[in-house]
Amino acid sequence: MPKSIIRRWLPTPEQVRANSGLKILGNLLHDPNLFHLNRHSVSVAFAVGVFTSFLPLPGQMLIAALLALWFRCNLPLSMILVWISNPVTMPAIFYSTYKLGAWLLGTPPLEFKIELSWQWLTEEVGKIWLPLFSGSLICGIFFATVAYFVMQGVWRWHVVKRWKARLAQRKAQLNQGG
């Protein structure tokens, strides 16, 4: 993956450190490994971000930041990828993970209607949390693994492609000069 493309979309380390929501992490943000762009750092960041986006929990960005600190991968990329689950995609993701969890646990899926109220939250979430969380963990692990290996492959493919292009350019220069 070309670093220039990724850098264009990511905030600088200074911008991340200036984020008021991340002040609680203190000096942990001064680790340069959290901002490196290499095959390992980007691949692990993709895995962290994709995994976290499947968690049906509030504070996904904070969870992604903590996991990025733990795995010492690219922090901004991990946090940005959490937005795979956004207000548009969240209903489909969590409904699918709920259905998968119910199937895996052998429980019949409940028919429910989501209401944005405290009463619904306290009454209904207790009934659906286990299948939802189980399916979310399974999907999160699966898609995080896929994301990791896809990024490893894409990065390697790009490096080999650039290496072959440089080799061809050198051969062409030698043929013109000789």
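Me: What counts as a helix here, and where is the place of Ser 85?
Reply: Helices are DSSP runs of H or I with at least four residues, numbered from the N terminus. In this predicted model, Ser 85 sits in the loop between α5 (75-81) and α6 (90-105).

Me: Is Ser 85 buried or exposed?
Reply: Buried means under 20% relative accessible area. Ser 85 has 3% relative accessibility, so Ser 85 counts as buried. Leaving out residues up to four places away in sequence, Ser 85 touches Ser 53, Gln 60, Met 90 and Ile 93.

Me: At what angle do helix α3 and helix α4 pack?
Reply: Angles over 145 degrees count as roughly antiparallel. Helix α3 (residues 39-53) and helix α4 (residues 60-71) pack at about 150°, with their axes 9 Å apart, and are therefore roughly antiparallel to each other. Among the residues making the contact are Val 48 and Ser 53 of α3 and Gln 60 and Leu 67 of α4. By class, this contact has eight nonpolar, three polar and no charged residues.

Me: How many aromatic pairs does the structure hold?
Reply: A pair of aromatic rings is described by the distance of the centres and the angle of the planes. The structure holds four aromatic pairs. In one of them, the rings of Phe 54 and Phe 143 have centres 5.3 Å apart and planes at 5°, so this pair is stacked.

Me: Which parts does the pair of Phe 54 and Phe 143 tie together?
Reply: Phe 54 lies in the loop between α3 and α4 and Phe 143 in helix α7 (residues 118-177), so the pair ties together parts that are 89 residues apart in sequence. Phe 54 is buried, with a relative accessible area of 10%, whereas Phe 143 is partly exposed at 35%. Phe 142 and Phe 143 form an edge-to-face pair, 5.0 Å centre to centre with 80° between the planes. Phe 54, Phe 142 and Phe 143 form one aromatic cluster.

Technical notes: Residues numbered from 1 in each chain as written. Predicted model: local features only at pLDDT ≥ 70, side-chain atom pairs only at ≥ 80, totals over all residues. Heavy atoms only, no water. Helix = DSSP H or I, 4+ residues; strand = E, 2+ residues; numbered from the N terminus. Buried < 20%, exposed > 50% of the residue type's maximum accessible area, 1.4 Å probe, protein only. Contact = heavy atoms within 4.5 Å. Axes fitted to C-alpha atoms, helices over the stretch in contact; angles between N-to-C directions. Parallel < 35°, antiparallel > 145°, perpendicular 65-115°, else oblique. Nonpolar A, V, L, I, M, F, W, Y, C, P; charged D, E, K, R; others polar. Phe/Tyr/Trp six-rings, centres within 6.5 Å; stacked < 30°, edge-to-face > 60°.
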